[in-house]
Amino acid sequence: MRSADDKRLTESQLLEMLGLESIQSLIRKRKLQWVAHCARRGEEDLMWKRMVREVEGGKSKWGTRLKEDWKELGVESIWGML
């Protein structure tokens, strides 16, 4: 897509113009919603136990990225919220 002066628009300019979120932002938001859902189900939920292991273990790329997302959002710990 091109602007009025025939310059190409960047992806971020186009998304802003259309009022859309980036796919990375949408995936991140959905992942955090899923974690919150599992946390609300309680400590006996098998999916929640698995998530806790992946985050605390530090070996999982998914768990590492989840901790980074929390840090960016200023979340201290989700474990204390239960």
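Guide: A contact means heavy atoms within 4.5 Å, and in the protein chain residues 24 or more positions apart account for 39% of the contacts with a separation of 6 or more. This is a predicted model, in which local features need pLDDT of at least 70 and side-chain atom pairs count only at pLDDT 80 or more, while totals for chains, interfaces and linings use all residues. Residues are numbered from 1 along each chain as its sequence is written, and side-chain values use heavy atoms, with hydrogens and water left out.

Visitor: What does the secondary structure of the protein chain come to?

Guide: Helices (H or I, at least four residues) and strands (E, at least two) are DSSP runs, numbered from the N terminus. Here there are four helices and zero strands, in the pattern α-α-α-α along the sequence.

Visitor: Is Asp45 buried or exposed?

Guide: Buried means under 20% relative accessible area, exposed over 50%, and partly exposed in between, with a 1.4 Å probe and protein chains only. Asp45, in the loop between α2 (23–41) and α3 (46–57), counts as buried because its relative accessibility is 13%. A polar atom of the Asp45 side chain lies 3.2 Å from the backbone nitrogen of Trp48.

Visitor: And is Leu18 buried or exposed?

Guide: Leu18, which belongs to helix α1 (residues 11–18), is exposed because its relative accessible area is 53%. Across the protein chain, buried residues make up 23% of the 82 residues.

Technical notes. A polar contact is a pair of N or O atoms within 3.5 Å; within protein, one must be able to donate a hydrogen and the other to accept it, and residues adjacent in sequence count only if both atoms are side-chain atoms.
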